[in-house]
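Take a look at the chain below. This report covers a sheet, a helix and some ring pairs.

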Amino acid sequence: MNEVVLHAEVLVLGGGPGGYSAAFRAADLGKQVVLVERFPVLGGVCLNVGCIPSKALLHAAQIIHEADEFAEHGVTFDKPTINIDKIRAWKESITKSLNTGLAGLVKQRKVTLINGLGKFTSANTVDIETAEGIKTIRFDQAIIAAGSRPTKIPVFPHDDPRLWDSTDALQLAEIPKKLLIVGGGIIGLEMATVYHAMGSEISVVELMDQIIPGCDKDLVTPLARRIKKQYKNIWLETKVTSIEAQEEGLKVSFEGKNAPESELFDAVLVAVGRRPNGLLIGAEFAGITVNEQGFITVDKQQRTNVNHIFAIGDIVGNPMLAHKAVHEGKVAAEVTAGHKAHFDALTIPSVAYTDPEIAWMGLTENQAKQQGIEYDKAVFPWAASGRSLCLGRKEGLTKILCEKETGKLLGAGMVGTNAGELISEAVLALEMGADAEDISLTIHPHPTLAETFGFAAEMITGTITDLYIKK
């Protein structure tokens with residue numbers, strides 16, 4: 001038996017956004033908290049090899065694109081020189097600064113942080129594999145925030161450095177001449193945006209009939225049109241059957257609509273989703289139910305089938321988003337402290353930080369149709385937005401769905417510059433039960449991109465003057 005080195009009132013397994021938020025909230029509520037994280041820094045995938053570094057690189061890509069595109073409006077720059085080492089160092093400095101901030105918060109809140117890989121050994125103990133050996137912690141309550149990892153395709157060669165997952169792509173080790181992206185979802189397309197700006201020739205292969213499957217087709221279309229001109233190939237309804245490592249590159253074979261039989265690439269990024277880590281934490285020794293995919297079932301209070309053990313974030317199901325994990329983490333922490341909290345968000349917004357950005361929340365039009373909900377729809381084109389035209393862009397749009405009878409907001413989406421910043425107003429409107437009239441009577445500053453949300457609502461109430469809609 002390993003010696004019990006610590007007792008925790010609340011043990012949190014995993015230090016990503018959900019885990020550290022749960023640990024900090026529990027500590028603020030007076031609990032004695034132990035936080036276990038397998039990597040030497042906090043922040044999980046999101047901060048270290050996900051959301052944050054990708055946004056830094058996407059900003060660099062945006063600057064390159066904007067400088068290039070503004071030539072036709074009278075401002076011409078020389079072709080940019082890309083210092084990949086400097087960009088990488090800048091990206092890493094952002095992550096480091098946030099890591100340092102989190103380490104400070106751990107100290108301020110008197111949370112005990114243990115670095116190592118934690119696994120349950122019973123319903124009240126966890127063994128942690130640390131650099132100094134195995135440490136056993138006994139806990140009263142636990143919150144599992146062990147996250148997810150990229151899905152690997154077994155038939156692909158795994159030891160070839162030219163075959164990447166999202167973590168490899170964010171290292172920015174080199175800019176391949178020809179890059180294939182397997183998976184046309186958010187992660188794949190964000191990385192395509194970065195590497196295209198840096199000079200790679202991009203091909204994308206997607207199994208479904210549209211990029212970003214599950215997103216409203218109206219929102220995806222402007223992005224699809226733009227990248228069709230920028231990228232070498234976008235193969236939809238196509239799958240990769242094999243990847244063969246050859247000296248001169250990776251030979252990729254395809255099956256499906258309009259795709260070639262095979263082609264050679266300098267690097268291949270596999271971005272076909274993520275899988276939860278539920279089967280890697282010794283859950284069975286604690287009696288926690290985990291399904292074969294690795295997901296843990298929880299109730300509205302984030303409680304597993306074991307009464308004093310909670311789970312949050314990617315490990316409890318889709319959408320696998322940091323902001324969902326944070327909210328769930330706070331709920332779980334509050335319940336451990338005896339509060340009557342539960343997760344009751346009406347919607348969880350999604351953002352693709354592509355160019356243009358796409359953001360959506362609430363019901364999509366497909367979902368409204370499937371559920372037999374009668375709705376009114378308005379789509380405001382950004383070609384009629386002065387602010388968007390001043391940015392040199394006109395392909396964007398704002399779309400809203402409202403309940404036919406009451407005008408109550410059901411869903412909204414934007415595609416265009418900074419769509420990710422604009423969606424929050426729609427989320428707030430939905431959470432507050434706003435209807436089209438509430439939104440249209442809210443004075444939006446002009447000229448802004450945000451006012452397109454107000455204009456879309458005016459299209460539903462019939463009060464719009466910025467467009468002429470024939471009655």
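Two strands pair if DSSP finds at least two bridges between them. In this predicted model, three bridges join strand β10 (residues 201-205) to β11, and the two run parallel. Ser203 stands opposite Asn233 in β11.

These strands belong to an open sheet of five, in the order β8-β15-β9-β10-β11, with parallel pairing. At its edges are β8 (163-164) and β11 (233-235), each pairing on one side only.

Now the helix. Helix α6 has 13 residues, 186-198. At 1.5 Å a residue they should span 18 Å; the end C-alpha atoms are 19 Å apart, which agrees. Eleven of the 13 residues are buried, so α6 is largely enclosed by the rest of the structure. Among them are Leu189, Met191, Val194 and Tyr195. After α6 comes Gly199, with a positive phi near 115 degrees.

The structure holds five aromatic pairs. Two of them are listed here.

| Pair | Distance of centres | Angle of planes | Class |
|---|---|---|---|
| Trp164 and Tyr195 | 5.4 Å | 45 degrees | tilted |
| Trp235 and Phe254 | 4.8 Å | 55 degrees | tilted |

Both link distant parts of the chain. Trp164 is in strand β8 and Tyr195 in helix α6, 31 residues apart. Trp235 is in β11 and Phe254 in strand β13 (residues 249-256), 19 residues apart.

Tyr195 counts as buried at 1%. Trp235 and Phe254 are buried too.

One more ring has a charged neighbour: Lys178 lies over the face of Phe265, at 5.2 Å from the ring centre.

Technical notes: Residues are numbered from 1 along each chain as its sequence is written. This is a predicted model: local features need pLDDT of at least 70, side-chain atom pairs count only at pLDDT 80 or more; totals for chains, interfaces and linings use all residues. Side-chain values use heavy atoms; hydrogens and water are left out. Helices (H or I, at least four residues) and strands (E, at least two) are DSSP runs, numbered from the N terminus. The expected span of a helix is 1.5 Å times one less than its number of residues. Buried means under 20% relative accessible area, exposed over 50%, partly exposed in between (1.4 Å probe, protein chains only). Rings of Phe, Tyr and Trp (its six-membered ring) pair if their centres lie within 6.5 Å; planes under 30 degrees apart count as stacked, over 60 as edge-to-face and the rest as tilted. A charge sits over a ring if NZ of Lys or CZ of Arg is within 6 Å of the ring centre and within 35 degrees of the ring normal.
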